[in-house]
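This briefing looks at a few residues in turn, asking where each one sits and what surrounds it. Please keep the sequence and the structure at hand while reading.

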Amino acid sequence: MILGYSSIAQRRVIRAAAQTAAISEVSIASKSRAEPNEGWPKRGHFFADYDLALRESQADIVYVSLPNAMHEHWVLAALASGKHVLVDKPAMTTREACERGVKQARLSGRMLAEATVFDYHPHFEALRGFLAVQGPLTHADAQFIIPPLPAANFRNHTELGGGCLLDMSPYAAGLMRILGGGLPSHVAALAGTRHPETGVDMGFSVQARLANGGIFSGHFSFEGEYQNRLLIVARSGSVMIERVFSPPADHRMEWRQHVRNVETVVTFEAADTFARFLDAATRAIAADDHEPLHRDLLADAECRARIAAALADPPTLVR
């Protein structure tokens, strides 16, 4: 069952659920939208109230796709109703809230997983192989920049859990965990500007020493021309990857790979990262193996907290 008929739920989650063998029916709960006339794949029930949906739905899994500020309440409510929970990133707005959520999931024998799905693309497995041969990793540089969002978008409103830090720091945290093999040992950060009307943060830059000694730098923003790429530099090779954070389901990912000054282009088959995430989550539930996803959620929440702390104590700039 999906709580919230959001844009990402409509465009990606429902379609991915239709591809997931372990999911037999998809129900939807929405307070802001009417039941779609055209229906949806694996159509189940439609609920106009979230509490009613949690009480009456026979679903085993709830996918929470609501504005960020609403995540904690409905994650905890879904866990209390005895359901496993998947939730859009950021899972919850603070590290402490994430810890409360995982604690309740563990006590109830249920899984809580954050849908930061970009790293479920198979090219990340190839990247691990590339680093094993050409590594170690020395530098990673990420850019995810989008043009300004419409004023009404929830990401522009503090009371709804808006702001670039909450929306995009899960990408930075996920990359640092994947590429570094753990939490970074040192984090520095600089804030971008504020929204001229609502005051939410519009961007941040972060630099960190990864757990394996490599350097990570990332630039994330709601206020520029679209950029979506990752550069990996290893001892004897490098890889530039476009559309790394949000590849469409039909996108053929390409690497521009350099090894000892020889460039090649490596192309990967299209892969739906949402479907791969749902498949991994349902397999983990079937195997009663919740802890790897719990650990990832908690590690990313801790890393996001370190970025926030660094933004609150920026380095002194010499004029």
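This is a predicted model: local features need pLDDT of at least 70, side-chain atom pairs count only at pLDDT 80 or more; totals for chains, interfaces and linings use all residues.

Arginine 43 lies in strand E3, which covers residues 43–47.

**Arginine 43**
- With a relative accessible area of 39%, arginine 43 falls between the 20% and 50% limits and is therefore classed as partly exposed.
- Apart from neighbours within four places in sequence, arginine 43 is in contact with Glu25, Val26, Glu35, Pro36, Asn37 and Glu38, and its side chain is joined to that of glutamate 35 by a polar contact of 2.3 Å.
- Between arginine 43 and leucine 112, which are 69 residues apart along the chain, the C-alpha separation is 24 Å.

**Methionine 1**
- Methionine 1 is placed in the segment before strand E1 (2–3), and because its relative accessible area is 7%, it counts as buried.
- Once neighbours within four places in sequence are set aside, its contacts are Ser27, Phe47, Ala53, Leu54, Ser57, Ala59, Ile61, Val62 and Tyr63.
- Although methionine 1 and proline 41 are 40 residues apart in sequence, their C-alpha atoms are 12 Å apart in space.

**Aspartate 167**
- Aspartate 167 has its place in helix H6, made up of residues 164–180, and it counts as buried because its relative accessibility is 7%.
- Beyond neighbours within four places in sequence, aspartate 167 is in contact with Lys89, Arg155 and Phe222.

Terms used. Residues are numbered from 1 along each chain as its sequence is written. Side-chain values use heavy atoms; hydrogens and water are left out. Helices (H or I, at least four residues) and strands (E, at least two) are DSSP runs, numbered from the N terminus. Buried means under 20% relative accessible area, exposed over 50%, partly exposed in between (1.4 Å probe, protein chains only). Contact means heavy atoms within 4.5 Å. A polar contact is a pair of N or O atoms within 3.5 Å; within protein, one must be able to donate a hydrogen and the other to accept it, and residues adjacent in sequence count only if both atoms are side-chain atoms.
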